[in-house]
Amino acid sequence: MPQDILINVTPFETRVALVEQGSVQELHIERSIQRGHVGNLYLGKVVRVLPGMQSAFIDIGLERAAFIHVADLRQNRHERSSGGTLTPIEKLLFEGQSLMVQVIKDPLGSKGARLSTQISIAGRMLVYLPYDPHIGISQKIESEQERLALRERVANLLPEDEKGGFIVRTQASDASDEELRADQSYLRTLWTSIQAQAKTQPTPSVLHTDLTLAQRVLRDMVGPDTGTILVDSRITTQQLLEWARVYTPSVESRVKHYSGDRPLFDTANVDDEIARALSRRVDLKSGGYLIIDQTEALTTVDVNTGGYVGGRNFDDTIFKTNLEAAQALARQLRLRNLGGIIILDFIDMDDPEHRSAVLAELNKALSKDRTRMTVSGFSQLGLVEMTRKRTRDSLAHQLCEPCPTCQSRGNVKTARTLCYEILREILRESRQFNPREFRILASQAIVDLFLEEESQHLAMLGDFIGKPISLEVERIYSQEQYDIVLM
């Protein structure tokens with residue numbers, strides 16, 4: 001099925017939505033002051049080695065010290081793949097040691113970033129492994145004949161002095177030898193530059209940052225099913241076209257600038273989808289519903305029949321609800337970016353064939369997800385256990401913070417999230433009305449943020465719409481309450 005990609009760009013954040021058949025399937029958000037760190041390379045300093053946990057804390061310049069486990073040290077690569085005994089971390093690292101590391105998981109909650117010394121640098125067709133003389137093939141390329149052919153092609157293109165290896169990505173299936181060779185050359189040159197920086201930079205310091213979210217869309221998300229890539233920023237559109245011209249020529253014709261009167265995300269009701277994705281309850285078309293609860297350790301999903309009373313009998317009603325829930329579950333995992341351990345509590349089914357059918361429907365729906373997952377069958381308690389790789393915060397953790405009013409039992413949107421909502425709302429209303437002035441009535445926290453850290457964005461918006469924007473504190477308002485008055 002064709003998939004369209006919508007890219008909404010503002011000075012403070014970039015948002016990407018993957019839309020299929022008019023329904024939002026994935027959301028990605030990157031804020032200018034909160035860019036993710038996964039894929040970045042750092043020159044860090046070991047600050048503490050913990051033999052009892054076989055881990056170490058490393059200062060890479062972030063707010064919290066990052067950590068590395070003994071299994072993520074490249075010196076143990078051979079032992080780990082062969083099932084041998086790992087060399088203890090205290091024999092490989094010492095306090096004060098400088099170390100080149102790569103972030104493989106962003107800081108999550110109270111945990112620091114997770115690191116690895118097994119460096120990998122992603123290109124369009126290939127992933128470069130400078131320390132691992134191995135040629136691997138993406139697991140999504142299932143044909144054994146195609147896997148062997150790709151491995152042989154990439155091996156034949158390697159320079160004689162190459163000591164590293166490559167992982168062949170799915171995008172390489174239709175690539176020419178010239179494109180593969182160009183990707184190899186680009187990645188080798190980039191690695192040489194990173195090594196040179198590591199010899200001169202102090203610790204801690206950044207050696208290499210991954211692409212912007214918009215560029216990663218072209219590199220990672222575009223596939224054979226991708227239709228149009230709409231971007232609502234003329235400057236970003238031009239940058240993506242220039243980037244695509246060099247690295248992904250086949251994608252260039254799909255990148256289009258959106259200049260419609262309606263905000264880009266309004267055309268697919270993306271903001272409404274975001275609001276629903278922050279709710280515990282997900283209503284199904286049949287009248288059933290899901291309850292999704294996210295904790296630090298795991299995520300639980302409970303399926304309920306609700307008002308659905310259709311079907312020939314009670315077993316048939318349960319079966320139909322579970323089938324619909326399986327499809328909705330897969331979409332919600334992608335939309336909310338839920339990761340880690342996930343427990344699915346379907347409605348109890350006595351018929352083994354019904355259980356098998358629901359599990360098959362779940363696996364079919366999950367097959368569209370690019371994130372690595374494992375799904376087990378029904379347990380003795382009737383639960384389905386699964387894991388989904390977690391490398392960045394979920395949507396709720398990105399947009400919300402624990403609510404001080406309810407003692408962390410729920411969530412409210414952050415002040416910054418609300419500031420950006422207000423800015424978008426003012427921009428939307430400025431296209432429909434022509435007032436003398438816009439006045440924002442909001443809580444003290446929102447007004448303070450607009451007067452301090454977000455003052456530049458507020459001023460930029462005022463200049464853009466050509467209208468003054470004033471602020472007024474309403475002390476009875478909660479953090480999520482605000483009004484925009486047209487004066």
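This dialogue reads several overall features of a predicted protein model and then turns to its cysteines.

Visitor: On what basis are the values computed?

Guide: The model is predicted, so local features need pLDDT of at least 70 and side-chain atom pairs count only at pLDDT 80 or more, while totals for chains, interfaces and linings use all residues. Residues are numbered from 1 along each chain as its sequence is written, and side-chain values use heavy atoms, with hydrogens and water left out.

Visitor: How many helices and strands does the protein chain have?

Guide: Helices (H or I, at least four residues) and strands (E, at least two) are DSSP runs, numbered from the N terminus. The protein chain has 12 helices and 26 strands.

Visitor: What radius of gyration does the protein chain have?

Guide: The radius is taken over C-alpha atoms, and the globule rule is 2.2 Å times the number of residues to the power 0.38. For 487 residues a compact globule would have a radius near 23 Å, and the 25 Å of the protein chain agrees with this. Its C-alpha trace spans about 70 × 65 × 50 Å along the principal axes.

Visitor: Which percentage of the residues is buried?

Guide: Buried means under 20% relative accessible area, exposed over 50%, and partly exposed in between (1.4 Å probe, protein chains only). Buried residues account for 46% of the 487 in the protein chain.

Visitor: How many disulfides does a search of the whole structure find?

Guide: A disulfide is a covalent bond between the sulfur atoms of two cysteines. The criterion is a pair of cysteine sulfur atoms within 2.5 Å, and the search finds zero. The sulfur of C419 lies 15 Å from the closest cysteine sulfur, that of C400, which is too far for a bond. C419 counts as buried because its relative accessibility is 0%; C400, at 12%, also counts as buried.
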